[in-house]
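Please read these points with the sequence and the model open beside you. They take up the ligand site, then the helix packing, then some backbone details.

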Amino acid sequence: MMKEKLEQIKAEALRQIAASDALEKLNEVKVNYLGKKGELTAVLKGMKDVLPEERPKVGQLVNETRAEIERVLEESVKKMEQMVREAKMKQEVIDVTLPARKNNVGHRHPSTIALEEVERIFIGMGYEVVEGPEVEKDYYNFEALNIPADHPAKDEQDTFYITGDILLRTQTSSTQVHEMEKGKLPIRMIAPGRVFRSDEVDATHSPSFHQIEGLVIDKNITLADLKGTLAEFAKELFGEGTKVKFRPHHFPFTEPSAEMDVTCFKCGGRGCRFCKGEGWIEILGCGMVHPHVLEMSGIDPEKYSGFAFGVGLERIALLKYEIDDMRLLYENDIRFLKQF
Ligand code: DAH
């Protein structure tokens with residue numbers, strides 16, 4: 001009777017072990033059959049109803065059943081643990097053939113690269129880099145540069161006025177006046193900075209852009225110094241083979257004045273699509289500082305002379321990097337900027 005009951009318990013326990021599909025289930029079986037309130041314990045508690053001479057035999061039977069269930073249970077737990085570990089390893093597998101994630105490292109804007117290149121060239125020639133205010137008095141932007149009250153540049157169509165007398169500078173030439181007023185001679189400076197004009201945005205215009213002003217004042221400065229300096233600048237910026245050409249022009253603050261062209265660095269001057277068949281590309285305005293301009297800023301034109309020039313920074317960047325639309329420089333689209 002007892003033996004049959006034990007066989008039954010064992011068979012049922014083993015069946016449940018075999019049907020377990022998780023460690024928790026196996027633990028349940030353990031508690032239900034081997035635990036303090038489990039089936040086998042209940043059998044042991046019923047020993048008082050067994051005849052005394054039968055007890056050792058029944059006790060041995062219970063122990064054997066218990067040992068068998070424990071053995072099968074332990075084996076199953078080990079198998080189950082192994083399966084769980086393998087499943088986890090499959091899930092967490094590291095694919096060493098995957099390309100590494102790239103770090104996004106920022107870098108300089110093409111306009112900044114061009115500016116630093118220009119600065120490097122002039123610093124190499126002994127120039128100082130200075131800055132002037134973007135909000136200016138009419139006097140510094142116009143009057144002290146010989147630009148008369150009725151000059152078209154002073155029209156509100158071209159200039160952003162803050163009050164009748166205060167404006168956003170339309171040219172970095174205003175820094176010439178600030179430097180001359182300091183009264184420290186000689187002067188050899190470039191002044192990069194933002195300028196403002198009331199222009200509509202298109203491929204070559206923006207209401208805010210950048211210029212680099214240059215000014216040299218010393219004794220015995222001549223047109224030859226201007227030409228030599230700017231020819232060297234062009235060579236360093238666009239390549240050793242670059243030639244320059246000066247075309248007479250008019251600027252109120254220089255006399256004589258000129259515009260400087262460089263031979264197209266794409267075709268070497270033969271004419272191509274890039275220079276529109278001209279062979280030459282206009283690059284800057286320049287001239288000998290007007291004696292009246294020197295005088296207004298307290299410099300004696302009998303003792304001193306000088307030259308000045310003004311370059312558009314965006315124009316340099318567009319040329320150097322063959323960009324055909326100025327707006328790309330302001331949009332800050334990383335896909336575009338990444339190329340430089
Ligand atoms: N300020 C001029 C402009 O905005 C450029 C320029 C021309 C600057 C001749 C100069 C110069 O210093 O000598 O168009």
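1. The shell around the ligand has 15 residues, and those that come nearest are Gln-171, Ser-173, Arg-197, Gln-211 and Glu-213. A residue is near a molecule if one of its heavy atoms lies within 4 Å of it. This is a predicted model, in which local features need pLDDT of at least 70 and side-chain atom pairs count only at pLDDT 80 or more, while totals for chains, interfaces and linings use all residues. Residues are numbered from 1 along each chain as its sequence is written, and side-chain values use heavy atoms, with hydrogens and water left out.

2. Gln-171 has a polar side-chain atom 2.7 Å from a ligand nitrogen. For Gln-176, a polar side-chain atom is 3.1 Å from a ligand oxygen. Gln-211 likewise places a polar side-chain atom 2.9 Å from an oxygen atom of the ligand.

3. Helices (H or I, at least four residues) and strands (E, at least two) are DSSP runs, numbered from the N terminus.

4. By class, the shell holds 5 nonpolar, 8 polar and 2 charged residues. Here Ala, Val, Leu, Ile, Met, Phe, Trp, Tyr, Cys and Pro count as nonpolar, Asp, Glu, Lys and Arg as charged, and the others, Gly among them, as polar.

5. Helix H2 (residues 23-34) packs on helix H4 (residues 55-91) at about 170 degrees, the axes being 10 Å apart. The two are therefore roughly antiparallel, a label for angles over 145 degrees. Axes are lines fitted to C-alpha atoms over the stretch in contact, and angles run from 0 to 180 degrees between N-to-C directions. Among the residues that meet are Leu-23, Leu-26 and Val-29 of H2, with Ile-69, Leu-73 and Met-80 of H4; contact means heavy atoms within 4.5 Å. This contact has 8 nonpolar, 1 polar and 4 charged residues.

6. Helix H5 (residues 110-124) and helix H10 (residues 313-320) cross at roughly 105 degrees, with axes that come within 9 Å. H5 is therefore roughly perpendicular to H10, the label for 65 to 115 degrees. Pro-110 and Leu-115 of H5 are among the contact residues, as are Leu-313 and Ile-316 of H10.

7. Where are the cis peptide bonds? One joins Leu-185 and Pro-186, with omega about -5 degrees; Pro-186 is in the loop between helix H7 (174-181) and strand S4 (187-196). Another joins Glu-255 and Pro-256, also with omega about -5 degrees, and Pro-256 lies in strand S7 (residues 254-263).

Notes
Polar contact = N/O pair within 3.5 Å; in protein donor to acceptor, adjacent residues only side chain to side chain. Parallel < 35°, antiparallel > 145°, perpendicular 65-115°, else oblique.
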